[in-house]
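Thanks for making time this morning. I have one structure to walk you through, and I will keep it short.

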Amino acid sequence: MTYNVGNYLLDRLAELGVTDVFGVPGDFNLGFLDDVLEHEKLEWVGNMNELNAGYAADGYARVRGLGALVTTYGVGELSSINATAGSYAENVPVIHIVGAPSSAAQNSHLRVHHTLGDGDFKHFIRMADEVNVSTAILQPATAPFDIDRVLRDAVVHNKPGYLMLPADVASAEIDPPASPLEVKLAISTNAAKTAFKKVATEFLRGKKTSILADYMTARLQATDNLQRLIDTTNFPYCTLMGAKALIDENNKQFAGLYLGTLTADETRTVIEDAEAIILSAVAFTDTNTVGFSHKVDMYKAINLGAESATIGRETFAPLALGDALDILTEVAVEAGAQPMDFTPFTRDVEQPAASDDALAQNQLWDVVASNLDELNTVVVEMGTSFFGMASRGFPRDARFIGAPLWGSIGYTLPALLGAAVADRDSRGVLFIGDGSAQLTIQELATVVRQGLNPVIFLINNDGYTIERAIHGKKLSYNDIAPMDWQKVPAAFGATDENAVVLRASTVNELLEACAVAHREKDKMVFIEVITDKDDMPETLRRFGSMAAAANKLVEKE
């Protein structure tokens, strides 16, 4: 068998831990897909459309560290660009491989299908440039160099990468890689580490200190470094919403989630009143601070980023996050820094009293949170689900996946698919609203075809609740077409052998549905949960009011 450019690319992906490739076939990528099917370390996961494939690759990458997506030129890649932009915004490395017309067709500027008909084949890579850290149009002579460059950039910078793969280039003969791809770049210099250590020691001397962490800590593979800092110093720590469950929430130093003005008082003081605060890869956004309502004095902060650290007006670079956390672990003790006073977060959630009354949102989130298991991968849609679960405690080792910055509704069902494929030993648990589900529900067919066993809570509250929280509570544009959700799983291939479909509109029905989900661990369990369309978590209600004020929206009757 001839070794070709497609083989080289697939071998590099496999070398970086990818075992599954998502996407949709198209005539320009079919030859490359032959190589995918023949590769001994890779499996093809065909999706219902390209947008869903991009979301699935994103969910996969959040678990594995890298994802791969294959589409065809033009019509396919543009369908997935929303997902790629989300991966870029949320710092998720996904390699987007675009099967393209042959080099001969491009060089002759032919009016080929799936193009704009003007002979310019670079329209779409110019669009891709805006939402990818690195791009390349592959050619046989330089393909190995460009493949390695794009993959390395994506992994190092935690951003998507784009490879246009002309059909003839995919089959062009080249040599296999001569050596492993080096992507673990040691960016810190001794000079930066020494200077940072000296200033940090004086800055922390004798101060009551706390820690605030964000999700990039995990993307930068510095979670263990953060854990050592917490264990060594006993500093209390909080996380932003997107970093929920970053560190075990049962840890005695965990003080809760920081949400700006919506933060519980006992948590807020840990962050805002500390004499010194260590910020681990923190990025304040309107969502995770509830309209930039945070009150963090940056002059009291040691602000750690991906490649640099800042104390006051001094910046230290190049300095990797993991190295900076390790230095702080060392110097905090030497400087006599003390833990900030705090009240440990209480995870215990009491089960609501048995009742046949209509189910309320607070009861819903208490029930489902108390039924989570260790090693669950919990995926929450931005809206009712995100705000409902954010304030509830998580079991040890449970994962939390959401997209609070990009916030594209419908993301989570395909992302659940990707995360579940990435780790089949962790049972996925999805919380998605009916409005969001209507965008991507067809990917349920792939969940069934892959033989996965998630528990899916579809919150049927008759419309776009997060939008109603912001504006138009009673207006028709926040309504959706009604669907018979009990019949939907069967339409996408679910049977009694591989799935259980339930409906819960009371506490008792929800408790029984959760019990069934625990018993039927080898099946997909689809639970339609009915709540009133005007009911929502209090944090979402308050978030909506602040968002409306920021947008200067006046509610209409």
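I will go from the whole chain to the sheet, then the cores, then a few single residues.

Some ground rules. This is a predicted model, where local features need pLDDT of at least 70, side-chain atom pairs count only at pLDDT 80 or more, and totals for chains, interfaces and linings use all residues. Residues are numbered from 1 along each chain as its sequence is written, and side-chain values use heavy atoms, with hydrogens and water left out.

Whole chain first. It has 22 helices and 20 strands. Both are DSSP runs, numbered from the N terminus: helices are H or I with at least four residues, strands are E with at least two. The C-alpha atoms fill a box of roughly 70 × 65 × 45 Å, taken along the principal axes. For 557 residues, a compact globule would have a radius of gyration near 24 Å, and the chain agrees, with 24 Å. That radius is taken over C-alpha atoms, and the globule rule is 2.2 Å times the number of residues to the power 0.38.

How much of the chain is buried? Of the 557 residues, 58% count as buried. Buried means under 20% relative accessible area, exposed means over 50%, and partly exposed is in between, with a 1.4 Å probe and protein chains only. Now contacts, meaning heavy atoms within 4.5 Å. Among contacts between residues at least 6 apart in sequence, 76% join residues at least 24 apart.

On to the sheet. Six strands form an open sheet, in the order β2-β1-β3-β4-β6-β5, with parallel pairing. Two strands pair if DSSP finds at least two bridges between them. β2 (43-46) and β5 (134-137) are the edge strands; each has a single partner, so one side of each has no neighbour in the sheet. From one strand to the next, the twist averages 20°.

Look at one pair inside that sheet. Strand β3 (residues 67-72) and strand β4 (residues 94-100) run parallel and are joined by six bridges. Thr72 stands opposite Gly99 in β4.

Two helices to point out here. Helix α2 (residues 30-38) lies across β1 (20-23), β2, β3, β4 and β6 (161-166), at about 125° to β2. Helix α7 (residues 143-157) lies across β4, β5 and β6, at about 165° to β5. Axes are lines fitted to C-alpha atoms, for helices over the stretch in contact, and angles run from 0 to 180 degrees between N-to-C directions.

Next, the cores. A nonpolar core is a set of buried Ala, Val, Leu, Ile, Met, Phe, Trp, Tyr and Cys residues joined through side-chain atoms within 4.5 Å. Which residues have the most contacts inside the largest one? They are Phe196, Leu204, Leu304, Leu328 and Phe457, in a core of 80 residues. Helix α13 (residues 321-334) gives the largest share of this core, seven residues. Another core lies apart from it, with 75 residues, including Val45, Tyr60, Leu444 and Leu452.

Take Phe196. Beyond its neighbours within four places in sequence, its contacts include Ile302, Leu304, Phe316, Ala324 and Leu328.

A cis peptide bond joins Ala317 and Pro318, with omega about -5°. Pro318 is in the loop between β13 (314-316) and α13.

Asn91 is in the loop between α4 (75-89) and β4. Asn91 counts as buried, at 12% relative accessibility. Its side chain makes a polar contact of 3.1 Å with the side chain of Lys159. A polar contact is a pair of N or O atoms within 3.5 Å; within protein, one must be able to donate a hydrogen and the other to accept it, and residues adjacent in sequence count only if both atoms are side-chain atoms. Not counting residues up to four places away in sequence, Asn91 also touches others, among them His157, Asn158 and Tyr215.

Asn158 sits in the loop between α7 and β6. It has a positive phi of about 55°, although it is not a glycine. At 6% relative accessibility, Asn158 is buried.

Leu375 also has a positive phi, about 75°, and is not a glycine. Its loop runs between α14 (361-370) and β15 (377-380). Leu375 is partly exposed, at 47% relative accessibility.

That is the tour. Questions are welcome.
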